[in-house]
Amino acid sequence: MHIGAVAERTGLSLRTLRHYDDVELVRPSERTEGGFRLYTEGDVDRLLLVRRMKPLGFSLEEMADLLRVVDGSAAEGEDLDVRLAGFVQAARERREKLARTLAMADEFIDLLEARSR
């Protein structure tokens, strides 16, 4: 599928998709003779995984590292299950931090609303 359809399905902008291609985070599986990006369902799945990492503040390098783990690309002697567990733990910790931030934002809104009554 073309980049516009992928942008629509993933909620990522064309600019973001092009950037991910440029930095080799998620590259389209093919290109047309004219150079247009063509994505597969597998590419879309990878992009959706990356999109879910963004709000948790994972860096592009961390995203690429997780994609390697998911792909089963391990360095010699590396345990992919241990690496994946590390990502799970990091995601849990980042989610907890976001939940605390959201709770503080709700508190703040409540305080402001109480003053406006």
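A: Start with a definition: a charge sits over a ring if NZ of Lys or CZ of Arg is within 6 Å of the ring centre and within 35 degrees of the ring normal. Keep in mind that this is a predicted model.

Q: Which charged end sits over the ring of F58?
A: That of R94, 3.9 Å from the ring centre.

Q: How do I read a pair of aromatic rings?
A: Use the distance of the centres and the angle of the planes. This structure holds 1 aromatic pair. The ring centres of F58 and F87 are 6.2 Å apart and the planes are at 40°, so the pair is tilted. F58 lies in the loop between helix 3 (41-53) and helix 4 (60-71), and F87 in helix 5, so the pair ties together parts 29 residues apart in sequence.

Q: Are F58 and F87 buried or exposed?
A: Both are buried.

Q: How far apart are the C-alpha atoms of V50 and E8?
A: They are separated by 15 Å, and the two residues are 42 apart along the chain.

Q: What about charged side chains, and how many salt bridges are found?
A: Side chains of opposite charge can pair when their charged atoms come close. A search of the whole structure finds 10 salt bridges. One joins R46 and D71, at 2.7 Å from N to O. R46 lies in helix 3 and D71 in helix 4, so this pair ties together parts 25 residues apart in sequence. R46 is partly exposed at 23%, and D71 is partly exposed at 46%.

Q: Where do D65 and R68 lie?
A: Both are in helix 4, 3 residues apart, about one turn of the helix. D65 is partly exposed at 22% relative accessibility. R68 is also partly exposed, at 40%.

Q: Which residues do salt bridges with shared partners join into one network?
A: D21, E24, R27, R31 and R37. Within it, R27 and D21 meet at 2.8 Å, N to O. D21 is buried at 2%, whereas R27 is partly exposed at 42%.

Q: Which residues form a nonpolar patch on the surface?
A: V70, L84 and V88 do, with about 220 Å² of accessible area together. V88 is found in helix 5 (residues 80-115) and is partly exposed at 37% relative accessibility.

Notes: Residues are numbered from 1 along each chain as its sequence is written. This is a predicted model: local features need pLDDT of at least 70, side-chain atom pairs count only at pLDDT 80 or more; totals for chains, interfaces and linings use all residues. Side-chain values use heavy atoms; hydrogens and water are left out. Patches are made of residues with over 30% relative accessible area and no salt bridge: like charges are joined within 9 Å, nonpolar side chains (Val, Leu, Ile, Met, Phe, Trp, Tyr) within 5 Å. Accessible areas come from the Shrake-Rupley method with a 1.4 Å probe; for residues, only the protein chains shown count as cover. A salt bridge is a side-chain nitrogen of Lys or Arg within 4 Å of a carboxyl oxygen of Asp or Glu. Helices (H or I, at least four residues) and strands (E, at least two) are DSSP runs, numbered from the N terminus. Buried means under 20% relative accessible area, exposed over 50%, partly exposed in between (1.4 Å probe, protein chains only). Rings of Phe, Tyr and Trp (its six-membered ring) pair if their centres lie within 6.5 Å; planes under 30 degrees apart count as stacked, over 60 as edge-to-face and the rest as tilted.
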